[in-house]
Amino acid sequence: MPDSSAVSLCTKRKFQPGQALRCLPDVLAPYRNGVNPCFLDCAPVPPAWRWVGSKRELAALIADRLPADIADYREPFAGSGAVALALLSRRRPPRRVLLADRNAEAICCWQVVRDCPDRLADALDRLIAMDSEALFLAIRSQRTDGMEAIDRAARFLYLVGAARCGMWRENRRGGFNAAYQHTRRWFSRRGDLRAVSKLVQRCEFRACDFAEAMADAGPGTVIYADPPYMPLSSTARFDDYVAGPFGRAGQARLAEACRSAARAGALVLASNADLQAVRDLYVGASFETVEHEHRTNGRQAVREVLIRV
């Protein structure tokens with residue numbers, strides 16, 4: 001019978017404002033006597049751009065919850081791909097990797113990073129050299145229909161780097177509408193783009209709904225689903241990173257897709273906010289609570305849950 005109890009990874013530490021919750025040393029404690037977990041084979045390559053909800057801080061921990069040998073790995077909510085990059089950094093990376101997302105701009109960027117990272121870095125550098133709020137607003141208003149892939153990817157990286165809190169947000173018409181951030185911007189660097197490019201040469205990228213990315217999963221397939229999180233309240237929500245909110249209907253549809261893939265023999269791991277409403281959607285799954293520090297807008301302690309379906 002699945003263990004439905006929440007296991008905190010930071011129960012011995014109390015969060016203080018401005019102080020990191022350094023969970024990973026505790027997590028690694030069992031391996032300090034010469035045992036090397038699979039995710040420590042190589043230092044994971046970090047994401048090349050910031051992304052709201054990125055698992056940059058938890059990628060190694062999550063990767064260690066996944067098998068050492070993976071034939072078919074899929075992420076239906078790719079974002080900046082932190083967990084995928086951690087797996088691809090292994091000595092034995094997954095033999096097939098599909099990174100999918102409804103955000104077509106992000107998927108275009110992934111493809112350009114794979115194929116021509118230096119040309120992308122050049123195009124991004126030209127935008128950064130002219131950076132201003134006026135430029136940001138002009139680029140924000142552009143439509144990408146018919147735009148060259150290099151320019152489209154550079155636009156994506158510039159906007160996500162200069163937007164408030166690194167937020168990619170779209171209105172119901174699909175237009176990017178995040179505000180300009182005057183300080184503490186974070187732009188992608190050439191070296192990071194090159195490092196990611198080397199890892200993803202054999203990856204497949206697809207702009208699609210999560211159901212399509214998870215279709216035909218079976219034995220040998222490993223899925224990590226990191227969707228827009230269930231909102232903590234009616235006012236504390238962010239699930240409109242593409243046109244149209246994800247909503248509770250999307251959460252319920254994802255839970256059913258996860259169960260369907262698991263019944264077909266796939267290993268399915270999902271993450272979400274640690275809320276009773278989330279646990280109710282995944283009745284019969286096992287849950288592991290993770291407490292860590294969220295750095296999107298200052299330092300905040302957050303509580304998430306990993307769900308083994």
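**Rings and cores in a predicted chain**

Residues are numbered from 1 along each chain as its sequence is written, and side-chain values use heavy atoms, with hydrogens and water left out.

Now step back to the whole chain. Its secondary structure comes to 11 helices and seven strands, taken as DSSP runs numbered from the N terminus (helices are H or I, at least four residues; strands are E, at least two). Of the 309 residues, 50% are buried, meaning under 20% relative accessible area with a 1.4 Å probe and protein chains only. Among contacts (heavy atoms within 4.5 Å) between residues at least 6 apart in sequence, 72% join residues at least 24 apart.

Next, the aromatic rings. A pair of aromatic rings is described by the distance of the centres and the angle of the planes. Rings of Phe, Tyr and Trp (its six-membered ring) pair if their centres lie within 6.5 Å; planes under 30 degrees apart count as stacked, over 60 as edge-to-face and the rest as tilted. The count comes to 13 aromatic pairs. F136 and Y158 form a tilted one, 6.4 Å centre to centre with 55° between the planes. F136 lies in helix α6 (residues 133-140) and Y158 in helix α7 (residues 149-162), so this pair ties together parts that are 22 residues apart in sequence. F136 is buried, with a relative accessible area of 0%, and Y158 is buried with a relative accessible area of 0%. The rings of W168 and F176 are also tilted, with centres 4.4 Å apart and planes at 40°. W168 and F176 are buried. One aromatic cluster includes F136, Y158, W168 and F176.

Y158 also leads us into the largest nonpolar core. Such a core is a set of buried Ala, Val, Leu, Ile, Met, Phe, Trp, Tyr and Cys residues joined through side-chain atoms within 4.5 Å. Of its 63 residues, W49, Y73, W110, L120 and Y158 touch the most other members. Helix α7 gives the largest share of this core, nine residues.

How values were computed: This is a predicted model: local features need pLDDT of at least 70, side-chain atom pairs count only at pLDDT 80 or more; totals for chains, interfaces and linings use all residues.
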